[in-house]
Amino acid sequence: MIRLGTGELSPELFPRKKMQSVFQSISDKIGSLGYLEPKGLLPLTKIISAYLKKHGVDVSPDCILIVSGALQALQLISIGILQPGSTIFVEKPSYIKSLSVFQSTGMKLTGLSMDEYGIRVNEIKRSNKNTTLLYTIPTFHNPTGIIMPEERRNKIITICEKERVPIIEDDVYRELWLDELPPKPLKSKDKNGSVLYLGSISKTLAPWFRIGWLVGPEPVVNRLGDIKMQTDYGSSSLSQWALAEWMASGLYEENILEVREKLRIRRQVALNALERNFSDIAIWNKPKGGFRASLPVVDANIFILGVALASFFWFTGITTIASVFRNNINIKVMRWINLICGGVMIYYGLKLVYTFIVMIR
Ligand SMILES: Cc1ncc(COP(=O)(O)O)c(C=O)c1O
């Protein structure tokens, strides 16, 4: 069974053999079996610091907190540095599970509309009443797949600095580019420490490790590290050792090249299937990375409006006309209206069933 709802690699792409050797070698290296330091395994934060430099983010290991996935970072930020009722600007649409974290911690969400380049910057305005933050996924946005171009990134940084709106940059899909390198993270342009940057191993290796990282100003990272200690006493040491070894040995880089190669093939297969089965009823973007091919954002609103209007006119319109004019319409005509409407509905129902059977065969 293929789970289309979650953004994760197929289990077939998991590098079992290489990972076996990683686990073998760490079994000899792990000395202490006690709790780790609040910000996570030091060799891992050092490796991530070096790794982030390659992506234009120049931070010391002290500014990195190892978390149990990017989602935990959002939870820590919400309970550690925000008050309930703070406003979070989010892309409309955004990743549903991140929204749930914010909602469950009492944040007030404000959706910002998007065009094909990401958030429309003119909608970013600080609320005078409470803390305001922007949560954004600028690279392979979930769910639209949009990659925010350099120019828009610069504008976001400028306007957020002007409005004094700190940013949470969720960059978990960065490494899954298939055609060309995406622009550097917003964090690489952050001069004042107002971007909290999130990364994760969930998309390039497996969510199963539950390892991600949060990058921010040292005092903020220290505070969130303390809260994490009070919450779960640190992320899995085994996962952290494995990831440290995975990255230090060069297997991370080697594996990501193979993953990209395989994802390119899978993308082509998925696009061919879409073309074969849905080209007459739908349009979609060719994804440049990430896991999703979606309806272009500019077309989505028109599409949704069209479907809503068609449904409204079809169901409400026809039934209203029929009931208003029922005394003026000849019983035979009424019967014909019923027959035609019923026929159309049965036709579309059968078409749906047929498409479904063809898809699962
Ligand atoms: C945009 C985005 N952020 C975060 C996550 C979750 O990441 P993690 O497994 O590191 O918590 C996902 C998973 O689908 C995601 O799409």
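Is Cys160 buried or exposed? I found Cys160 buried, at a relative accessible area of 3%; buried means under 20%, exposed over 50% and partly exposed in between, with a 1.4 Å probe and protein chains only. Cys341 counts as buried too, at 16% relative accessibility. I then searched the whole structure for disulfides (a pair of cysteine sulfur atoms within 2.5 Å) and got 0.

**Ground rules.** I'm working from a predicted model, in which local features need pLDDT of at least 70 and side-chain atom pairs count only at pLDDT 80 or more, while totals for chains, interfaces and linings use all residues. Residues are numbered from 1 along each chain as its sequence is written, and side-chain values use heavy atoms, with hydrogens and water left out.

**Whole protein.** I noted 10 helices and 9 strands. These are DSSP runs numbered from the N terminus: H or I of at least four residues for helices, E of at least two for strands. The C-alpha atoms fill a box of roughly 90 × 55 × 35 Å along the principal axes. Of the 361 residues, 43% count as buried. I also looked at contacts (heavy atoms within 4.5 Å): of those with a separation of 6 or more, 72% come from residues 24 or more positions apart.

**H3 against H6.** How do helix H3 (residues 70-80) and helix H6 (residues 218-232) pack? Their angle is about 105° and their axes are 10 Å apart, the axes being lines fitted to C-alpha atoms over the stretch in contact, with angles running from 0 to 180 degrees between N-to-C directions. So H3 is roughly perpendicular to H6, a label that covers 65 to 115 degrees. On the H3 side I listed Gln72, Leu76, Ile77, Ile79 and Gly80; they meet Arg223, Leu224, Ile227, Lys228, Thr231 and Asp232 in H6. The residues of this contact divide into 5 nonpolar, 3 polar and 3 charged, with Gly counted among the polar ones.

**Asp190.** Last stop: Asp190 sits in the loop between strand E7 (167-170) and strand E8 (195-200). Asp190 is buried, with a relative accessible area of 14%.

Key. Angles under 35 degrees count as roughly parallel, over 145 as roughly antiparallel, 65 to 115 as roughly perpendicular and the rest as oblique.
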